[in-house]
Amino acid sequence: MPFANFKVPAGSLDEQQKELIVTRTTELYVEIYGERARAATMVLVEEVTDGGWGIGGGVLTLAKLQEPSED
């Protein structure tokens with residue numbers, strides 16, 4: 001059974017965005033494995049509590065993700 005697990009900051013996606021992740025991921029697996037994969041594909045969009053993860057040695061928060069990039 002194909003399985004994908006997306007971990008996202010809590011509150012960063014609305015229901016429509018989560019549905020888009022599920023449908024596009026399912027379509028990707030179908031593209032790779034064929035139509036037989038559709039019914040067996042499981043996609044989990046898991047919301048992580050704000051401040052419950054880190055990157056580069058620092059705690060990641062929703063506020064930090066929403067800051068303008070420094071490009």
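**Exercise 1. Find which residues Thr-25 is in contact with, leaving aside its neighbours within four places in sequence.**

Step 1. Apply the cut-off: contact means heavy atoms within 4.5 Å.
Step 2. Leave out neighbours within four places in sequence; Thr-25 is then in contact with Ala-4, Phe-6 and Val-43.
Step 3. Thr-25 lies in helix α1, residues 15–33. Helices are DSSP runs (H or I, at least four residues), strands likewise (E, at least two), numbered from the N terminus.
Step 4. Classify Thr-25. Its relative accessible area is 10%, so Thr-25 is buried. The classes are buried (under 20%), exposed (over 50%) and partly exposed (in between), with a 1.4 Å probe and protein chains only.

The model is predicted: local features need pLDDT of at least 70, side-chain atom pairs count only at pLDDT 80 or more, and totals for chains, interfaces and linings use all residues. Residues are numbered from 1 along each chain as its sequence is written, and side-chain values use heavy atoms, leaving out hydrogens and water.

**Exercise 2. Classify the aromatic pair found in the whole structure.**

Step 1. A search of the whole structure finds one aromatic pair. The ring centres of Tyr-29 and Tyr-33 are 6.1 Å apart and the planes are at 25 degrees, so the pair is stacked.
Step 2. Check the rule. Rings of Phe, Tyr and Trp (its six-membered ring) pair if their centres lie within 6.5 Å; planes under 30 degrees apart are stacked, over 60 edge-to-face, the rest tilted.
Step 3. Compare burial. Tyr-29 is buried at 18%, whereas Tyr-33 is partly exposed at 43%.

**Exercise 3. Decide whether Ala-37 is buried or exposed.**

Step 1. Ala-37 sits in the loop between α1 and β2 (42–48).
Step 2. Its relative accessible area is 5%, so Ala-37 is buried.
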